[in-house]
Amino acid sequence: MAWTIPWSSSYSLAVEVAWGADLTDSAGSGWTWTDITSDVRTEAGIEIQNGRQDEQSVSGPASCQVVLSNPDGRYLTGPGPNYPNVRRNVPMRVRLNSTVLFQGYATSWTPTFTPGGDNLTVALTANGVLRRLNQGKGTERSAMTRYLPTRSDLVEWWPLETTSSTSVLGLSGVDGGPGMVYQAGSTGAAKVSASDDAPSGAAGSVELTQGGAMVAPIRYQSLGTSWAVGFSMLFDHAVDGDRFVRIDMLGSAGAYINIRLFTLNGGDPGAQITAYSGNVPAGEQWLGFQGIGYRDWTAGGTRWYHFILSTDGTTVYFGGLPDPLDTARTIYLQNYTLTASAVPRTRPTAITLGSIAGNDVKVNYSQVYVTSSYTSAGMGLTYPPQAGYAGEPASARVQRVTAEEDIAVTVIGGTSTTGSPPMGAQPVSTALDILREAEQVEAGFLYDGLGPGLTWVPKREFENTTVDLTVAATQVVEPFGPVDDDQRLRNRVTASRPQGSEVTFEDVTGPAGINAVGVYDDSVEVNAPSDGDALAYAQWRVYLGTQTGYRWPEIGLDYRATPTLLANLPAPLTPGNRITITNPGAVLPGVSTGDLLLHIEGVKLTITPGSWRSELACSPAAPWNVAAIPSETGYTGTDAARATSDGSTLATARTPGQTSLSVTTPSGPRWTTTADDFPMWLDVGGNPVRATACTGTGTTQTFTCDALTVSIPAGAAVDLWRQAVLAL
């Protein structure tokens, strides 16, 4: 039976578990929930915590703790009324009416006993999915090893992700699939070996030299007239005209497709595809590589290439791309229509990797696969996994990786990735590390505890967002108070990229710059696509780290003492919400005259039938009011990109209660007098002042403003208050 909140009868609270839930149902749509609220001990209440401690940390697993009455052993893991369902990872949730305050998985059922040995209670602890993802090291996998198993049309797959310590080279990545075997070349020097060289989307490769080859059968019975073969290659040393892949076809002897290295007219390297029937060429086409020097192919080249050969039974499509992606190195996609007798109208039966030459040839291969569908659009994806999804928006990476791992994710504000910053190639890493890397690039927020999986807050939800709750400072309870320290101060930041260079940005002359407070140095590695992007991250970190004024890291709310707080919420506060505390000066005189704009980073709830307290971990929201280009008329948002003056000062001293400011600007541009440009927030001697109009066109102008609450001396600097900055 749910708890009815005695001081707000329109609300009821329920604690529920999903006995026997199928955990492979990652969205939980098929779970049946059982109400156990009547067994929750009221003196212990319910304690819920999720989110992170501050804006510079990452969230830990959400948690919920309750103590359950257990007179008949119903919550013991051994024999009892609920056996065998009392076990780890039973889904558990707490609801306020229909709104979920917490959802996670039971991680501990700890019984307590009286001195006489009677078991009266069980302490139930549940955590969000991050607890499971954080346990152990996790499996490090490449982009292709994550991607290919998700394809329903995958027929064969040879990852070839060997390293120098690997002893088995050609295992299939498909259950029951045939392995690749080594085939000696024409010379005794031919060999196959494992290699640490790898394209962006893989973790290793097989190296073939001196005419060695790898051969595998293809289970053609699973293919129709449409199919595709993909592979990645590194040409260290190669011979012009040398074959590097052969695909044998179903039919008469001598039916196959050869793909050879070839020099095109003008000296540009390329690939020649030739279809053979009875060992006689039946059709051929060339694939040109624009802007690539021949040495890039044949003499110690370090660039990988990804190819795909596919057919719909009528047209053969052959395309590819370089790795790393490079706009100066474009691979043309070539199509051609086969004659009625052409070989590729049938199905492939085997694939051979390697040269037929026995001379100075060295080629690496990785990620070879066969699918039962074709693509007519190059690699088939906007951000190919072969190249590690380089250029993919960070928010798209979060959504894709969670889908690959079958982790439910709720994206706040919708699944659009517009405005999400691009990323570099996805590393060979665990799913959680990849998600955390995307969180850093996005400057977003990933946490758990509100559903069966994760909650993703893109940075757009921090930028210029509306307020979720406005609270008068007189309604706030402890903990509440300003902090003035250097805990977040950073005025010099060095940003680097994996396999890239590093760049340093510093604030020297600002109020929290090096000249004023000394050096506060920090560094960050960010998987951005270019070194120029790394600079933007260093600038953003310095911008956040040199904010002046007080921090308000903790806010306390008592919903019983102020029941209207709950009534004013569309839903209980969660990490990622924005809260405004009005008139803090009424509680803490002289500390601040402006409203506090705060982002909620973490939430701790303590609930009993007679009380409800919330402690909010907060960070300043004002730095996220980024510049927006306003319309010519009718726009009064605080995020408008405004031009400021230069050298303005207060002409005469002002005292509390006065509603005008006389401002002198000796040499800078005059302040706007256009009515539509107001209201405008000014920084007058470090105090935020809301101006509603300005008159005068000379060096001295008069602002009409809200009544001042502090004295400000003549000569105080006048500027825009926290002018909107360009977004990351």
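Predicted model: local features only at pLDDT ≥ 70, side-chain atom pairs only at ≥ 80, totals over all residues.

Student: How confident is the predictor along the chain?
Tutor: The average pLDDT is 83, and 83% of the residues score at least 70. Residues 286–300 stay under 50, with 66 contacts beyond four places in sequence. Residues 327–340 also have pLDDT under 50, and there the model has 54 such contacts.

Student: What makes tryptophan 31 and tryptophan 33 an edge-to-face pair?
Tutor: The structure holds 13 aromatic pairs. In this one the centres are 6.1 Å apart and the planes are at 65 degrees.

Student: Why is the pair of tyrosine 75 and tryptophan 109 called stacked?
Tutor: Their planes are at 10 degrees, with the centres 6.2 Å apart. Tyrosine 75 is in the loop between strand E5 and strand E6, tryptophan 109 is in strand E7, and they are 34 residues apart.

Student: How do you know whether tyrosine 75 is buried or exposed?
Tutor: Its relative accessible area is 2%, and buried means under 20%, so tyrosine 75 is buried. Tryptophan 109, at 10%, is buried by that cut-off too.

Student: What makes arginine 400 count as a charge over a ring?
Tutor: Its charged end sits over the ring of tyrosine 389, 3.4 Å from the centre, and the distance limit is 6 Å. Arginine 52 lies over the face of phenylalanine 445, at 3.9 Å from the ring centre.

Terms used
Residues numbered from 1 in each chain as written. Heavy atoms only, no water. pLDDT = per-residue confidence, 0-100. Contact = heavy atoms within 4.5 Å. Phe/Tyr/Trp six-rings, centres within 6.5 Å; stacked < 30°, edge-to-face > 60°. Helix = DSSP H or I, 4+ residues; strand = E, 2+ residues; numbered from the N terminus. Buried < 20%, exposed > 50% of the residue type's maximum accessible area, 1.4 Å probe, protein only. Lys NZ or Arg CZ within 6 Å of the ring centre and 35° of its normal.
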